[in-house]
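Please open the structure in your viewer and keep the selection panel at hand.

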Amino acid sequence: METPTSSDRPRLPVLFGVFFKISAVTVGGGLTMIPVMEREFLEKRRWLTEEDMIDTVALVQSMPGVIAVNMALMMGYRMAKLPGAIVSAIAVVIPPFLAILIVASCFSSISGQETVSAAFRTVRAAVCALILLSAVKMGKKLLKRAFPIAVAVCAFLVFVFFPQVNAALVIALAGAAGWIVRTPEEEETPRS
Amino acid sequence: MNAFMLYLLFAKIGLFTFGGGYAMIPLFQDELVERHAFISPEEFANMVALAQVTPGPVGLNAATYIGYRQMGLTGALAGTLGVITPSLVLVTLAAVFFLAFRKNRRIQDILYGIRPATLGLIAAAVIFFAESSVFTEKLRGLWSDSAACPGISWPSLLVFLIALAVNAGPKKAGPVATLLGAAILGGVLSLFF
């Protein structure tokens, strides 16, 4: 998937379908989307690489706004330029918009029901398992040398123990470290 | 307050919140509960709880809900469009530049540092999700308070293990089926636990 061309037009309905589905089944958005996107765009269709995924996550975390929308815009642009970005963003917005309209117009006051909150606890457990598998898969690809391993461990510890630290700051520092260390020759992505 | 003002207010929130999701909540609270008194603190808390059990990102849910409460469908549209407008512009610009320059050697060097950091971020998310599902307390308390052992939610642990098992092999259940299965199983298990 280098530069998307006009032959990528058929991608638009797929992008819409996948992002609609992601938004409808994921509760909380953001990183929950990663396993679904990995399945749809990497495994099923091979439109993206593991590096594409992780670069997008890094960029999106460093930008303001709703992460799920940012992710859809960035991924959509990546796969089908501006039309892809717009179609993907619309697809992400529709399910929560409708869900809230329905809930807000049916109930004047909202309260959590026991069964519902129990169901969402187990959904979060499943999300946890899926993200863990995605992380392991990415780790196998990325963590082959001392430098990336050190950066990943440091970042993990900072995010776990100092969650108030801005993700953009950590990502910027890691970028600076990469600038200094430089990509080892044999890992450079072949140029087209 | 008209629809356009509502749109601008949500655009401001969309522009100044980094980190998405729950990072947006304090700014929502600041602007909408305290400064403009659109909704009461109690309703705001309920809205956040609602956002957790409805599909989609919390930031979008909040914008739609508060917009709807202010001026019906028009308000819901104004709030939703407002909160995504800054992203639409900034992220699209970033995507254009990133695609143009990502082959550059120095950009590749920067990405060489950024990728593992992002992996660290994703791995940290695993901990956060575990703390609100499989475990009933914060795991991070273990280091500061050695006496407390985190409680375990057995239905969640079971679902976690099943989700791992059905997705780890070469033939995967897939995330959508896994999430739906987890919701159904969670509802059923809650009748017994």
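Helices and strands here are DSSP runs, numbered from the N terminus: a helix is a run of H or I of at least four residues, and a strand is a run of E of at least two. Select chain B and colour it by these elements: along the sequence it reads α-α-α-α-α-α-α-α, that is, eight helices and zero strands.

The model is a predicted one, in which local features need pLDDT of at least 70 and side-chain atom pairs count only at pLDDT 80 or more, while totals for chains, interfaces and linings use all residues. Residues are numbered from 1 along each chain as its sequence is written, and chains are lettered from A and ligands numbered from 1 in the order in which they are written.

**Domains of chain B**

Next, select residues 3-101 of chain B for domain 1, 102-152 for domain 2 and 153-193 for domain 3; such bounds come from an automatic or database domain assignment. Where domains 2 and 3 of chain B meet, the contact takes four residues from domain 2 and five residues from domain 3. Two residues are in contact if their C-beta atoms, placed from the backbone, lie within 7 Å.

**Where chain B touches chain A**

Now show both chains. Their contact takes 89 residues from chain B and 100 residues from chain A. On the side of chain B, the elements giving two or more residues include α1 (3-16), α4 (58-101) and α5 (105-131).

**The nonpolar core**

What are the residues with the most contacts inside the largest nonpolar core? They are A:A72, A:A126, A:C128, A:I131 and B:I122, in a core of 116 residues. A nonpolar core is a set of buried Ala, Val, Leu, Ile, Met, Phe, Trp, Tyr and Cys residues joined through C-beta atoms within 7 Å. A residue is buried if 20 or more other C-beta atoms, placed from the backbone, lie within 10 Å of its own, exposed if 12 or fewer, and partly exposed in between. Centre the view on A:I131: leaving aside neighbours within four places in sequence, its contacts include A:L31, A:P35, B:I122 and B:F129.

**A last stop in chain A**

Finally, select A:I149, which is placed in helix α6 (residues 146-161) of chain A. Is A:I149 buried, exposed or partly exposed? A:I149 is partly exposed, because 15 other C-beta atoms lie within 10 Å.
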